[in-house]
Amino acid sequence: MAPIISILASSPIFLFRYLFDITCFLLPGGRPVKRWTFRQAALVRSIRLLLLYWSLALAGNRLTLRPGRERNRFEVIPSKSPKLYRGPLDDAAIQPEAIGATWTPARPLSTAAADKETTVALHFHGGAFVIGDGRDEDAGFVARTLVRHMGCTHVCAPQYRLSTPTSGRFPAALQDALTSYIHLIKDIGIPASQIILSGDSAGANIVLGLLRYISEYGQEIGVPAPAAAALWSPWTDVGATLDPNLDMTLSPNYTSDYLGPEFVLWGALAVTGHGEIDASGPYLSPHNHPFKMSTEIPMFVNGGGREVLCDSIIEFSEKFKNQGWPLHLVISEGCPHDFALLGPRIGFQEDAEAAARDAKAFFRSTTALYLKNAGTI
């Protein structure tokens with residue numbers, strides 16, 4: 001009841017600021033980025049208001065393993081042998097569980113799984129570890145973009161466990177990432193050399209965690225590395241969110257982004273179990289703990305030029321390049337955070353598609369992956 005009262009009491013201020021900003025956007029000079037349309041500016045500002053309310057209400061998604069409207073494109077993936085979850089994934093309180101996953105355009109047939117013209121993107125959605133579910137309504141646009149413009153034949157979007165005050169803290173999402181990756185390799189029979197690990201925002205953090213885990217334990221548990229990785233607006237420093245000396249509202253990009261301090265703080269506190277897990281450790285803050293795989297894995301990194309994480313993304317990319325990663329960074333000028341996920345919802349569909357085409361060009365020049373030409377699903 002207390003959060004509801006607080007939200008109701010603060011709503012007049014929130015709505016006044018929102019309507020004031022929307023009014024300012026009527027003229028190009030009043031928009032965060034002059035080249036933005038009124039629609040783009042209004043949509044970005046609306047998402048920020050929505051995330052503020054979500055954060056204050058702590059209203060994360062409720063996950064279900066029912067097929068729902070995805071029907072036969074939704075698959076339930078059982079957890080694997082406990083022996084596969086070692087080191088940071090071996091947690092007395094957080095145990096591996098069955099998860100769901102949505103396939104786009106469909107689950108590959110077992111007879112075609114090992115076909116050299118099958119390329120699967122295992123994509124982990126963003127949402128600060130607290131919202132999202134990988135289904136069509138959430139990650140449908142990014143999944144279709146990876147097929148149509150990056151050239152994958154299939155996308156698998158796991159419905160990893162979200163962090164809540166009572167469950168789902170680290171390493172739940174990373175356990176689920178390993179479960180889904182092993183499922184592709186062992187159960188469906190897709191060679192690791194035909195898999196791209198992909199993730200946006202917090203999902204990109206999960207990708208980096210999975211890559212680190214494979215580098216540390218992959219040989220022991222018989223799990224090979226993927227062919228490549230694609231990170232979209234990666235959130236690589238959860239620890240910085242909890243640093244009282246850092247204030248994201250002071251970023252020059254704060255007014256041109258929809259991320260607010262309340263949302264990222266909610267995510268950081270939830271995934272760490274309110275301090276039970278060290279947010280600055282290598283798995284949640286790879287930004288400060290660069291590592292190298294035993295085999296070269298090309299990594300494509302994309303960020304928005306007007307997102308608050310832009311400087312962090314650039315610095316992260318430089319650190320990993322210095323470790324020897326074949327890494328290609330593309331900063332999409334004028335774009336806010338995670339436009340790869342939200343695309344048309346914030347008016348940046350064309351930018352997201354262009355970034356996916358950049359990724360395809362990079363992977364075609366650095367891997368043997370089959371990436372089909374742009375087209376429909």
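## Charges over rings

Arg212 lies over the face of Tyr283, 5.8 Å from the ring centre. Arg135 is placed over the face of Phe74, at 4.0 Å from the ring centre. A charge counts as over a ring if NZ of Lys or CZ of Arg is within 6 Å of the ring centre and within 35 degrees of the ring normal.

This is a predicted model, in which local features need pLDDT of at least 70 and side-chain atom pairs count only at pLDDT 80 or more, while totals for chains, interfaces and linings use all residues. Residues are numbered from 1 along each chain as its sequence is written, and side-chain values use heavy atoms, with hydrogens and water left out.

## Aromatic pairs

Rings of Phe, Tyr and Trp (its six-membered ring) pair if their centres lie within 6.5 Å; planes under 30 degrees apart are stacked, over 60 edge-to-face and the rest tilted. The count by this rule is 13 aromatic pairs. In one of them, the ring centres of Trp232 and Phe300 are 5.4 Å apart and the planes are at 55 degrees, so the pair is tilted. The pair links distant parts of the chain, 68 residues apart: Trp232 is in strand E6 (residues 228-232) and Phe300 in strand E7 (residues 299-304). Strands (E, at least two residues) and helices (H or I, at least four) are DSSP runs, numbered from the N terminus.

Trp232 is buried at 2% relative accessibility, and Phe300 is buried at 0%. Buried means under 20% relative accessible area, exposed over 50% and partly exposed in between (1.4 Å probe, protein chains only). Phe320 and Trp325 form a tilted pair, with 5.8 Å from centre to centre and 45 degrees between the planes. Both Phe320 and Trp325 are buried. One aromatic cluster is formed by Trp232, Phe300, Phe362 and Phe363.

## Helix H8

Helix H8 (residues 310-322) has 13 residues and spans 19 Å from its first C-alpha to its last, close to the 18 Å expected at 1.5 Å a residue. The expected span is 1.5 Å times one less than the number of residues.

Cys310, Ile313, Phe316, Ser317 and Phe320 are the buried residues of H8. They cover an arc of only 125 degrees around the axis, so they lie on the same side of H8; the arc is that of the directions from the helix axis to the C-beta atoms. These buried residues pack against helix H5 (202-221), E6, E7 and strand E8 (327-332), where contact means heavy atoms within 4.5 Å. Exposed Asp311 and Asn322 are on the face of H8 turned away from its buried side. Gly324, with a positive phi near 105 degrees, follows H8.
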